[in-house]
Amino acid sequence: MLKEHAKLMSAFFASGEVVGRKKLQKMIYIAKKLEFPFQEKFQFHFYGPYSEELTLRVEELCNMGFISEVKEKKGGYYQYRYTVTKEGEDFLEIYEKDMPCLKDCLTDMNVQSARFLELVSTVLYFDNLPKEEVVEKVFTLKSKQKYTEEEIDEAFAYIDGLKSKKIVQ
């Protein structure tokens, strides 16, 4: 049962600190699309791919005391900051967590903006379509974000970079 929790804990540990629920969702989705063994199911939602399972699992980890969630007021909204607790580190020592390259990928993603990761995860969500159709989907579904063609090209290049990082190491 706690195997999936341990995988998620490994992601938190590799990231150091994750600021924002949206960012967390996108990082795990992108890692899953890069074939890291995350099992959470994702559906397309307002801000791109979203997993209710992931939200519940994070809540469980917080309730178990393995993850610290700090709620901060930021202007007109709240932002959540996640870190692994000492108890969480102890838990991780018990469970095998063989995910080579995860740290590099998540560290790289963690320095990106949530807005950019939303774009990257949206592009990956439609990765079964030709590039032109993906671009059209982004412009249609993410019109409020006002992504430019240059940003979309950056997202495709970023995805290629993450994939090559995972293969190389």
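**Reading the labels in a predicted model**

Modeller: Let's start with Glu35, which sits in the loop between H2 and strand E2 (43-45). Keep in mind that this is a predicted model.

Colleague: What makes Glu35 exposed?

Modeller: The relative accessible area of Glu35 is 67%.

Colleague: How do you know whether Lys146 is buried or exposed?

Modeller: We use that cut-off of over 50% again. Lys146 has a relative accessible area of 66%, so Lys146 is exposed.

Colleague: Which residues is Gln25 in contact with, leaving aside its neighbours within four places in sequence?

Modeller: Gln25 is in contact with Phe42, Pro49, Tyr50, Ser51, Leu54 and Thr55.

Colleague: Now to salt bridges. What makes the pair of Asp127 and Lys33 a salt bridge?

Modeller: The rule asks for a side-chain nitrogen of Lys or Arg within 4 Å of a carboxyl oxygen of Asp or Glu. For Asp127 and Lys33 the N to O distance is 3.3 Å, so the pair passes. This pair links distant parts of the chain, 94 residues apart: Asp127 is in the loop between helix H6 (114-125) and helix H7 (131-141), and Lys33 is in helix H2 (residues 21-33).

Colleague: What separates Lys86 and Asp90 in helix H4 (residues 86-94)?

Modeller: About one helical turn, because Lys86 and Asp90 are four residues apart in that helix. Their side chains meet in a salt bridge at 2.7 Å, N to O. Lys86 is exposed at 54%, while Asp90 is partly exposed at 33%.

Colleague: How do you know that Glu118 forms a salt bridge with Lys142?

Modeller: The closest N and O atoms are 2.7 Å apart, and the limit is 4 Å, so the pair counts. Glu118 lies in helix H6 and Lys142 in the loop between H7 and helix H8 (149-168), so parts 24 residues apart in sequence are tied together. Glu118 counts as buried at 1%, and Lys142 counts as buried at 3%.

Colleague: How many salt bridges does the count come to by this rule?

Modeller: Eleven. Some share partners, joining Glu17, Glu72 and Arg81 into one network.

Colleague: Let's finish with the strands. In what order do the three strands of the open sheet stand?

Modeller: The order is E1-E5-E4, with antiparallel pairing.

Colleague: Why is one side of strand E1 (17-19) and of strand E4 (67-74) left without a neighbour in the sheet?

Modeller: Both stand at the edges, and each has a single partner strand, so one side of each has no neighbour in the sheet.

Colleague: What makes E4 and strand E5 (residues 77-84) a pair?

Modeller: Two strands pair if there are at least two bridges between them. E4 and E5 have eight, so they pair, in the antiparallel sense. Lys71 stands opposite Tyr80 in E5.

Notes: Residues are numbered from 1 along each chain as its sequence is written. This is a predicted model: local features need pLDDT of at least 70, side-chain atom pairs count only at pLDDT 80 or more; totals for chains, interfaces and linings use all residues. Side-chain values use heavy atoms; hydrogens and water are left out. Helices (H or I, at least four residues) and strands (E, at least two) are DSSP runs, numbered from the N terminus. Buried means under 20% relative accessible area, exposed over 50%, partly exposed in between (1.4 Å probe, protein chains only). Contact means heavy atoms within 4.5 Å.
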